[in-house]
Amino acid sequence: MSSQGLLIRRANIILPNGELIVGDVLTRDRQIVEVSSSEIHETATRSIDADGLTLLPGVIDPQVHFREPGLEHKEDLFTASCACAKGGVTSFLEMPNTRPLTISQAALNDKLERAANKCLVNYGFFIGATSDNLSELLHVSPTPGIKIFMGSMHGPLLVDPQEILEAIFANGKKLIAVHAEDQTRLKQRREEFANIHDVAIHSQIQDNQAALIATKRALELSKKYRRRLHILHMSTAEEANLLRQDKPSWVTAEVTPQHLLLNTTAYEKIGTFAQMNPPLRTSHDNEVLWQALLDGVIDFIATDHAPHTLEEKAQTYPKSPSGMPGVETSLPLMLTAAVEGRCTVAQVVNWMSTAVAAAYCIPNKGAISPGYDADLVLVDLNSYKKVRREELVSKCGWSPFEGWNLTGWPVTTIVGGEIVYHKGELNTSSRGKALTFDC
């Protein structure tokens, strides 16, 4: 199909400048070859009548936990990539806290081989920092960057000592992405609230100050060494205000849909399904994060897709694990916000595709333009459908947004010119490609 071309007709196309046109798009050999406001007359092996649908660049989700290897009972690369395809996510960047940990070239190679055999969409994998793998961090490739867990982690991936952080920031040029929560404060507050089993206490234990302390620390190191820094899943008003006042040009930040759309009131409604790290915050934090995103203080969106089984989530806090799935719902959640007037569809495209490709130097991704890769998603902005547990394809089988009535659900997802999802059907024989990073 891809070698002979795919022709998309009469779509509402979001162009790179944010303009909306009605027109045709022709793809061939994994790339977009023509975008036109008039009818394209070239023949193609397959065509799609997209009348009434909106064509967007495929979503690039830059922070996911897909659990393979070692935790496949929660999710695996095949099921997760199916969920991506259904959600309009055509590329993902996955985190290193699998078993074994992704902290060496050998572990990275293993993940790349697994993904080549299993993933319907494109893929890349972070390398995890430990206290003693600096030489690996300097040379491992291909990777979008180095992941540092400054807190909210245990074992080798917890990197808290200042001298270790200094060494990582001082050496090499790879992007450093931080989970910014202060481990010392978390430890103190866990001891303080140790006998409380109401999951709502999670947001007080891992409070706003824990996040702010760590973000300040990472920002100081980034400025000291002029090292490229990305702040993962920013969750607090304090962090957003800090970056508004002090954000070097080489620093970026992301926010999750759940930190925009859910807050601490969710604990009463959905219990441990609302538990994640960093935790949900207040409605005030929601509003400040939204404004920071709209103003460009926060650069883009990631899901932090981190599935756990229903049985695991049913445990009493603090035995219940933190994390929630997100790749199937992130695009309709944000497009629903656009339709409701919180933002524009063009801004959603930038936050979920264009800006991600730019930050991670992923070539030829994030725009509908000739020469760009044919990673595309057709969405329906004219109808609404509820999030239903039984319709999810993620292995964990639940969503914190269950029951939400959303628009902008993907109708067709295209990866490298190949249709991987269309009207409820997955093309499970299709395979994505390893992403490259040109920084």
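User: Which residues of helix α4 (residues 162-170) are buried?

Analyst: The model is predicted, so local features need pLDDT of at least 70 and side-chain atom pairs pLDDT 80 or more, while totals for chains, interfaces and linings use all residues. Residues are numbered from 1 along each chain as its sequence is written, and side-chain values use heavy atoms, without hydrogens and water. Helices are DSSP runs of H or I with at least four residues, strands runs of E with at least two, numbered from the N terminus. With buried meaning under 20% relative accessible area, exposed over 50% and partly exposed in between (1.4 Å probe, protein chains only), the buried residues of α4 are Ile164, Leu165, Glu166, Ile168 and Phe169.

User: What covers the buried residues of α4?

Analyst: Contact means heavy atoms within 4.5 Å. The cover includes α3 (134-139), β10 (146-149), β11 (176-179), α7 (208-225) and β12 (229-231).

User: Which residue with a positive phi follows α4?

Analyst: Its phi is near 90°. The residue is Gly172.

User: How are α1 and α2 oriented to each other?

Analyst: Helix α1 (residues 77-87) and helix α2 (residues 105-118) have axes 9 Å apart and pack at about 55°. Axes are lines fitted to C-alpha atoms, for helices over the stretch in contact, and angles run from 0 to 180 degrees between N-to-C directions. Under 35 degrees counts as roughly parallel, over 145 as roughly antiparallel, 65 to 115 as roughly perpendicular and the rest as oblique. The two helices are therefore oblique.

User: Which residues make the contact between α1 and α2?

Analyst: From α2 come Lys111, Arg114, Ala115 and Lys118. From α1 come Leu77, Phe78 and Ser81.

User: How many aromatic pairs are there?

Analyst: Rings of Phe, Tyr and Trp (its six-membered ring) pair if their centres lie within 6.5 Å; planes under 30 degrees apart count as stacked, over 60 as edge-to-face and the rest as tilted. By this rule the count is eight.

User: Why is the pair of Phe273 and Trp398 stacked, and which parts does it tie together?

Analyst: The ring centres are 4.4 Å apart and the planes are at 20°, so the pair is stacked. Phe273 is buried at 17% relative accessibility, and Trp398 is buried at 1%. Phe273 lies in the loop between α10 (266-270) and α11 (283-295) and Trp398 in the loop between β15 (376-386) and β16 (405-415), so the pair ties together parts 125 residues apart in sequence.
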